[in-house]
Amino acid sequence: MEGLVNSRIIPIRTSCRRHYSVFLPTFSLQLRNKNLNKGQVWMMRRPKSLDSVAASIQPLEASTTGNTDNRQPSKEVLELWRSADAVCFDVDSTVCVDEGIDELAEFCGAGKAVAEWTARAMGGSVPFEEALSARLSLFKPSLTQVQDFLDKRPPRISPGIEELVKKLMARNTEVYLISGGFRQMINPVASILGIPQENIFANQLLFGSSGEFLGFDANEPTSRSGGKATAVQQIRKVKGYKALVMIGDGATDLEARKPGGANLFICYAGVQHRESVAAKANWLVFSFTDLITALE
């Protein structure tokens with residue numbers, strides 16, 4: 001996206017609700033009008049880019065005895081969880097009970113085909129960037145469709161996530177949202193949870209001057225395989241965290257546990273139980289209550 005200039009801001013309407021259908025006030029998102037290859041593009045603001053990082057602290061290896069024993073965390077896992085400087089959450093099927101792109105596709109009439117691609121991407125059977133491009137090409141959402149979707153289908157928040165985030169913040173633990181989804185859908189979720197915009201790492205949908213779909217910003221690290229790991233490494237490099245935890249349900253979340261990235265990967269299977277991912281987790285939970293209780 002190098003060379004994009006001359007921005008102007010336009011509003012995009014959004015609203016949010018918790019999983020038990022209590023609606024919150026409408027939140028405002030903003031898009032920028034930029035030039036791209038002699039065309040105009042509207043896109044969400046992104047945080048300042050961060051540098052890549054070399055390994056610093058080694059991650060805690062997952063149990064090799066299978067996924068039946070990681071329901072009970074080891075003493076070492078609990079100590080890392082309680083002492084974490086930062087916690088990074090996946091959004092779709094973790095912070096929220098839905099897969100955002102699947103919901104948007106269903107709203108636009110292409111739900112089944114897109115959901116099949118999502119399952120393959122989250123299971124790690126195809127490169128994430130291939131799956132993202134393929135899914136979007138099936139329905140090519142316009143700016144108007146995205147606005148209507150956000151008005152009529154506010155995201156549903158997973159049970160317990162608000163309490164967990166509050167507890168983490170009360171312990172001075174930084175909280176981040178790291179997602180292969182789109183900022184247009186994630187900013188309202190962050191507002192509910194009190195997470196600052198600069199702590200969001202996600203993709204951006206691009207629209208032309210008439211609101212037509214152009215694609216997505218391929219420069220975002222989360223738009224490709226290994227992107228969440230890159231984002232986590234960048235965060236850790238800049239902030240200097242000694243211990244960082246990644247929580248999510250998919251293969252792209254598991255990838256974040258690597259040298260210089262997350263020390264600990266907690267698989268949240270309260271929405272989707274992906275066995276191939278859960279088996280490699282340091283800790284497998286089906287409810288955020290388990291994580292809340294462990295902090296007390």
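**Figure 1. Overview of the protein chain, with its 11 helices and 13 strands.** The structure shown is a predicted model. Of the 296 residues in the protein chain, 55% count as buried. The accessible surface of the protein chain comes to about 12800 Å², and carbon and sulfur atoms account for 47% of that area. Among contacts between residues at least 6 apart in sequence, 67% join residues at least 24 apart.

**Figure 2. Close-up of Asp90 and its surroundings.** Asp90 has a relative accessibility of 4% and therefore counts as buried, the cut-off being under 20%. The side chain of Asp90 makes a polar contact of 3.1 Å with the side chain of Thr94. When neighbours within four places in sequence are left aside, the residues in contact with Asp90 are Val95, Ile178, Lys228, Met246, Ile247, Gly248, Asp249 and Asp253.

**Figure 3. Close-up of Asp92 and its surroundings.** Asp92 is classed as buried because its relative accessible area is 14%, and buried means under 20%. With neighbours within four places in sequence again left aside, Asp92 is in contact with Asp98, Glu99, Gly100, Gly181 and Asp249.

**Figure 4. Close-up of Asn282 and its polar contacts.** Asn282 is found in the loop between helix H10 (275–278) and strand S13 (283–285). Its relative accessible area is 7%, so Asn282 is buried by the cut-off of under 20%. The side chain of Asn282 is joined to the side chain of Arg257 by a polar contact of 3.3 Å. A polar atom of the Asn282 side chain also lies 2.8 Å from the backbone nitrogen of Phe265.

Note on methods:
Residues numbered from 1 in each chain as written. Predicted model: local features only at pLDDT ≥ 70, side-chain atom pairs only at ≥ 80, totals over all residues. Heavy atoms only, no water. Buried < 20%, exposed > 50% of the residue type's maximum accessible area, 1.4 Å probe, protein only. Contact = heavy atoms within 4.5 Å. Polar contact = N/O pair within 3.5 Å; in protein donor to acceptor, adjacent residues only side chain to side chain. Helix = DSSP H or I, 4+ residues; strand = E, 2+ residues; numbered from the N terminus. Areas by Shrake-Rupley, 256 points an atom, 1.4 Å probe, with all protein chains shown as cover.
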